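Morning, everyone. Please have a look at the chain on the screen, and then I'll walk you through it.

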Amino acid sequence: MDDISLIIKARDMLKDITPLKTNCGLTCSAACCQSPDDEEETLGMSLFPGEETLYRKKFSWYQVHKGPSENILTCEGSCPRDDRPLACRIFPLTPYEKNGKLYIKMDKRASTMCPLYASGKRGLQPIFVDTVKEAMELLWQSEKMREHIYMISRQIDEFDIL
């Protein structure tokens with residue numbers, strides 16, 4: 001299976017599964033979907049390798065910013081659920097690589113904006129946590145995806161020491 005097929009399958013797995021049984025965006029006024037106040041700063045969701053090809057159509061709600069090591073998708077605060085990137089679908093969880101193994105953990109970068117962070121994985125629907133794990137294990141089959149997860153993991157490590 002090629003990388004884009006893996007991404008599409010992982011996104012489909014998470015299409016209707018969310019961190020809570022209710023809309024978690026109501027607990028924080030969709031903080032993870034807000035644009036930064038600082039126009040110099042580009043906050044958004046990291047796209048997995050090849051995922052940007054799913055955004056070649058021109059929608060009014062997003063922009064893809066090319067960074068040195070990854071593409072970042074930003075939006076205007078709301079978007080069609082079916083078009084959300086994989087990073088949005090797994091938030092506030094993240095894949096994490098340590099010593100060549102894949103783990104699923106709370107994303108420390110979410111700690112400043114997501115009220116679910118304090119409860120940890122036990123505060124999330126078990127089916128959500130399990131499905132994120134399955135989706136990331138699917139991606140883990142690809143060397144390019146493993147490299148991306150490694151890069152995400154090092155960003156999280158760096159965030160942890162700030």
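First, a term: helices (H or I, at least four residues) and strands (E, at least two) are DSSP runs, numbered from the N terminus. By that count, the protein chain has five helices and five strands. Their order from the N terminus is α-α-β-β-β-α-β-β-α-α.

A word on sources. This is a predicted model, where local features need pLDDT of at least 70, side-chain atom pairs count only at pLDDT 80 or more, and totals for chains, interfaces and linings use all residues. Residues are numbered from 1 along each chain as its sequence is written, and side-chain values use heavy atoms, leaving out hydrogens and water.

Now burial. Buried means under 20% relative accessible area, exposed over 50%, partly exposed in between (1.4 Å probe, protein chains only). Of the 162 residues in the protein chain, 40% are buried.

Next, the inside. A nonpolar core is a set of buried Ala, Val, Leu, Ile, Met, Phe, Trp, Tyr and Cys residues joined through side-chain atoms within 4.5 Å. The largest one has 34 residues. F48, L86, L93, V132, M136 and L139 touch the most other members. Which element gives the largest share of this core? That is α4, with seven residues.

So, look at α4. This helix covers residues 126-139. Its buried residues include F128, V132, M136 and L139.

Last, take M136. Contact means heavy atoms within 4.5 Å. Leaving aside neighbours within four places in sequence, M136 is in contact with F48, L86, I90, P95, L102 and I104.

Definitions and conventions:
Expected span 1.5 Å × (residues − 1).
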